[in-house]
Amino acid sequence: MKLVSYLREETDQLAILVDGLLYNAQELHPDLPNNMGMFLMMWEDVIDIAKQADAHLKAGKNPTRATGVPVGSVQLLSPVPFPTSCRDGYAFRQHVAAARRNRKVPMIPEFDQYPIFYFTNHNAIQGPGDIHCMPDHFQKLDFELEVAVVICKAGRNITAAEADDYIGGYMIMNDMSARTLQMEEMLLNLGPAKGKDFSTVIGPMLVTPDELESLKVPAQPGHTGNNYNLKMTCKVNGIPVSDGNMGDMDWTFAEIIERCAYGVNILPGDVIGSGTVGTGCFLELNGTGKLNDPDYTEQWLQPGDVVEMEITGLGILSNTIVRENSDFSILSLKKKG
């Protein structure tokens with residue numbers, strides 16, 4: 001099942017997407033909530049109802065005579081417009097190893113010992129469309145190609161063996177990154193707050209795990225949890241720049257959830273990202289380019305650039321970079337040493 005949130009009468013509307021048409025949830029069944037937040041809170045009571053409605057639509061049946069709205073005619077929001085939290089993991093060894101190689105430092109052994117994550121700004125979650133950036137964000141503005149999951153039931157001290165049952169669905173994530181801000185503040189062993197807190201893009205839809213069952217692949221040796229053969233690509237202004245696969249995740253979402261939930265309640269609506277896939281950002285690509293050719297010209301996102309991410313089964317997430325009409329700079333406020 002593919003679930004979408006879109007803007008309807010100035011509020012977020014939950015819909016099921018079938019054959020390019022959006023069917024409002026509450027029109028398919030009176031027990032279905034009209035927004036994703038409530039749907040996730042009521043997950044175990046409503047998921048079977050929603051799947052039955054989805055099956056009817058896919059079979060060409062529409063017993064409630066709900067009207068389908070063309071998906072291209074509405075403003076899509078993040079599938080989870082108001083997440084209860086947003087964490088981002090560090091699951092792809094290829095990306096971590098390449099980034100460290102490019103900085104001429106050895107691979108950090110702790111990567112293979114336990115999964116890690118950081119909290120980002122859940123109030124800066126957005127869907128397809130314009131990404132508004134301040135002047136300092138354009139100091140090495142970057143994308144990050146990732147997969148994200150959303151939690152669909154509350155839990156605590158969850159083991160990796162049971163953690164996949166807490167995943168409501170999968171989405172594309174673009175973890176936008178202002179690299180100069182990020183690198184400056186992380187010198188103080190905190191962060192990456194200001195380097196990340198202005199925009200995290202998720203969308204265009206939430207895909208439930210049953211839709212991906214045929215694409216399931218084994219986890220990496222020594223790891224626990226579901227994994228999927230999902231091709232991940234990114235284009236900037238129509239030019240391919242990134243090419244990876246979710247199947248290359250070393251740490252599974254189940255293992256990341258196990259760590260997230262240790263001594264902590266995880267809640268319906270919590271979003272968790274995978275971390276960047278190998279080749280999935282300009283920081284890595286530029287580093288590799290300069291390592292191979294000292295004259296390599298770095299590339300960073302510029303105003304007007306269109307970032308288009310595609311993941312097998314999860315759709316296409318498209319955003320346009322927009323410069324805010326402001327000259328305000330926090331980099332200029334830095335005190336002289």
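1. Strand pairing around E10 and E12. In this predicted model, strand E10 (residues 145-151) pairs with E12 in the antiparallel sense, over 7 bridges. Within this pairing, Ala148 stands opposite Met171 of E12.

2. The other partner to note for E12 is strand E14 (residues 200-207), which runs antiparallel to E12 and is joined to it by 5 bridges. Here Met173 has Ile202 in E14 as its bridge partner. E12 itself spans residues 167-175 and is mostly covered, with 9 of its 9 residues buried.

3. Helix H9. This helix covers residues 282-292, and its buried residues are Phe282, Glu284, Leu285, Asn286, Gly287 and Gly289. Note that a glutamate, Glu284, is on that list.

4. The hairpin of E2 and E3. Strand E2 (residues 11-18) and strand E3 (residues 21-24) run antiparallel and are joined by 4 bridges. Val18 has Leu21 in E3 as its bridge partner. The hairpin has 2 residues between the strands, and Asp19 takes a positive phi near 55° there.

5. E3 and its pairing with E4. E3 also pairs with strand E4 (residues 69-70), again in the antiparallel sense, over 2 bridges. In that pairing Leu21 stands opposite Pro70 of E4.

6. Overall make-up. The protein chain contains 9 helices and 22 strands. Its radius of gyration is 20 Å, close to the 20 Å that the globule rule gives for 337 residues, so the chain is as compact as a globular protein of that length. Taken along the principal axes, the C-alpha atoms fill a box of roughly 65 × 50 × 35 Å.

7. Burial and contacts. Of the 337 residues in the protein chain, 51% are buried. Considering contacts between residues at least 6 apart in sequence, 72% join residues at least 24 apart. The pairing of E3 (residues 21-24) with E4 (residues 69-70) brings together two such separated stretches of the chain.

8. Surface and charge. The accessible surface of the protein chain comes to about 15500 Å², and 52% of this belongs to carbon and sulfur atoms. The chain carries 27 positive and 43 negative charges, and the mean positions of the two sets are 5 Å apart.

Methods
Residues numbered from 1 in each chain as written. Predicted model: local features only at pLDDT ≥ 70, side-chain atom pairs only at ≥ 80, totals over all residues. Heavy atoms only, no water. Rg over C-alpha atoms; globule rule 2.2 N^0.38 Å. Buried < 20%, exposed > 50% of the residue type's maximum accessible area, 1.4 Å probe, protein only. Contact = heavy atoms within 4.5 Å. Areas by Shrake-Rupley, 256 points an atom, 1.4 Å probe, with all protein chains shown as cover. Lys, Arg positive; Asp, Glu negative; His and termini not counted. Charge placed at Lys NZ, Arg CZ, Asp CG, Glu CD. Pairing = 2+ DSSP bridges.
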